[in-house]
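Could you walk me through this protein model?

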Amino acid sequence: MANKTNKKKKRLIFRSVMLTVMLAAVAFALYSNFTEDKKDILQVGDEAPNFKLKTINVEDKEALTLDHFEGKGVMLNFWADYCPPCKEEMPYMQQLYPEYKKKGVEILAVNLDQGELVVENFIDTHDLTFPIVQDKSGQVMELYDVGSLPATYFIGPDGEIEHKVIGALTLDKIEGYLQEITPES
C-alpha cells in the first residue's frame, strides 16, 4: 500500500514538473513572438518603405511607386470599400487635394479590395481625382503593418513617417496633418 502511494506521489510530481516546463516554454514562445514583432513595426521617424502598385483611376493604369513623390509630402491612406469609416473620409481627402497638390503634397490611397469594378464605381460616384492604387496581394498592407482600417501615414518630404493614424479622420485633422507635411517653399 505504501508502494502504491509512493508511485502516485512520484507520478504527480513528474506530471507537475512537466506541466510547469511546458507552460514556461509556451510563455517564452509568446513573449519572444511579441517582442520580435515589435522591432518590425513602422514607427514615426522611420523611412517610409517604397512600393510599386498599379493605379486604378489613371487612364493608362500606370504603376506608381512611393519614390515617385520624392520631395513631396504624402498622405498614404489604406482603405477598402467594406469599411464605412474609410469611405466617409474620402470626400474630405478630395476636398483638400487640389489645394495641397499645388503646395507639394500628394494624397495616395491604397485600396485593399479584390475587385476593381466596385472601387471604380466608388471613385466615379465621388469624383475622386487623387491617385488610387490597388494592393490585391496585401504586400504593401503587410509592409506598412496595417491591421485595422482606415490607416493613414503622413510622410514628410524627406521620406520619413511624420504621423501614423489608425481610424477615421475628420476634415480638420486631415488638413492639420497635411499642413505639417507641406514642403517649405
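## Exposure and backbone

The model is predicted. D145 has 36% relative accessibility, so it counts as partly exposed. This residue sits in the loop between helix 4 and strand 6, and its phi, near 55°, is positive even though D145 is not a glycine.

D127 also has a positive phi, of about 50°, and is not a glycine. You will find D127 in the loop between helix 3 (116-126) and strand 5; its relative accessibility is 56%, so D127 counts as exposed. Most residues other than glycine have a negative phi, and most peptide bonds are trans. The bond joining L149 and P150 is cis, with omega about -10°, and P150 belongs to the loop between helix 4 (139-143) and strand 6 (151-155).

## A buried glutamine

Q134 is part of strand 5 (residues 132-134). Because its relative accessibility is 8%, Q134 counts as buried. Its side chain makes a polar contact of 3.5 Å with the side chain of N111. Leaving aside residues up to four places away in sequence, Q134 touches several others, among them L53, I56, D113 and V119.

## Domains and pocket

The domain assignment gives domain 1 (1-39) and domain 2 (52-180). Their centres, taken over C-alpha atoms, are 49 Å apart.

The largest pocket holds about 200 Å³ of space. It is lined by 15 residues, of which L66, D67, E70, D158 and G159 are the closest to its centre. By class, the lining has six nonpolar, four polar and five charged residues.

Methods: Residues numbered from 1 in each chain as written. Predicted model: local features only at pLDDT ≥ 70, side-chain atom pairs only at ≥ 80, totals over all residues. Heavy atoms only, no water. 1 Å grid on protein atoms, 1.4 Å probe; cavity = no way out; pocket = protein on both sides within 12 Å on 5 of 7 lines; lining within 4 Å. Points joined across faces, edges and corners; volume = space filled by probe spheres on them. Nonpolar A, V, L, I, M, F, W, Y, C, P; charged D, E, K, R; others polar. Domains from an automatic or database assignment. Helix = DSSP H or I, 4+ residues; strand = E, 2+ residues; numbered from the N terminus. Buried < 20%, exposed > 50% of the residue type's maximum accessible area, 1.4 Å probe, protein only. Polar contact = N/O pair within 3.5 Å; in protein donor to acceptor, adjacent residues only side chain to side chain. Contact = heavy atoms within 4.5 Å.
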